[in-house]
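Biologist: Before I use the labels on this model, I want to know what stands behind them. Can we go through them one by one?

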Amino acid sequence: MNEQLDQLAFSFFKLFARYESSLKERGFFQSRNGKILVDWDRFANEVVGGNFMEELGDKAENAQYILSEPPKRQVINEASQIVWQEVSNQERSVQTLFGHISRVRNNLYHGAKFNGTWFDPERSKALLGASLEVLEHYKSRVDIG
């Protein structure tokens, strides 16, 4: 399973990076204190739109999984320790979907889900796979071949 997850993570990272590059080139970014932040909310609103579930068709189950089982986030508890916090699954907007996909990336990239061994490999596989399917579906809208 680890090798399969490694390959899935590589494919996800590669496509996510291509999205971020393409979105910045198309002006979907904000600048805060000189730092460039990709504006995923604006992309979700203007390019994908509110009827994303219908547009996804048979891939809608991937978006539904991400929205109903969102990736957890790391927070600091009262003892100044980094802990995992559940994320609400009540919101079903396109902005929330892409926000969760971005958190999948952040959790992986910053080492929170992988440090030589995959944590909760089945859940990681499900979130990575579902996120990759959604990104694959919309990549033509940002000229990613």
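## Labels and their cut-offs

Biologist: Which residues is Y19 in contact with, leaving aside its neighbours within four places in sequence?

Modeller: Y19 is in contact with W40, F43, V134, L135, Y138, K139, V142 and I144. Contact means heavy atoms within 4.5 Å. This is a predicted model, where local features need pLDDT of at least 70, side-chain atom pairs count only at pLDDT 80 or more, and totals for chains, interfaces and linings use all residues. Residues are numbered from 1 along each chain as its sequence is written, and side-chain values use heavy atoms, without hydrogens or water.

Biologist: What makes a set of residues a nonpolar core?

Modeller: The members are buried Ala, Val, Leu, Ile, Met, Phe, Trp, Tyr and Cys residues joined through side-chain atoms within 4.5 Å. The largest such core here has 36 residues, and Y19 and F98 have the most contacts inside it. Two or more residues come from each of α1 (2-25), α2 (40-48), α3 (52-56), α4 (60-68), α5 (94-109) and α6 (121-138). α1 gives the most, eight residues. Helices are DSSP runs of H or I, at least four residues, and strands are runs of E, at least two, numbered from the N terminus.

Biologist: Why is S102 called buried?

Modeller: Buried means under 20% relative accessible area, exposed over 50%, and partly exposed in between, using a 1.4 Å probe and protein chains only. S102 has 13%, so it counts as buried. S102 lies in helix α5. Beyond its neighbours within four places in sequence, S102 is in contact with F16 and W40.

Biologist: How do you know that Q30 is partly exposed?

Modeller: Its relative accessible area is 31%. Q30 is in strand β1 (residues 29-32). Leaving aside neighbours within four places, Q30 is in contact with K35, I36, L37 and D39.

Biologist: What makes α4 oblique to α6?

Modeller: Their axes come within 8 Å and cross at roughly 130 degrees. Axes are lines fitted to C-alpha atoms, for helices over the stretch in contact, with angles from 0 to 180 degrees between N-to-C directions. Under 35 degrees is roughly parallel, over 145 roughly antiparallel, 65 to 115 roughly perpendicular, and the rest oblique. So α4 is oblique to α6.

Biologist: Which residues of α4 and α6 meet?

Modeller: N62, A63, Y65 and I66 in α4 meet R123, A126, L127, A130, S131, E133 and V134 in α6.
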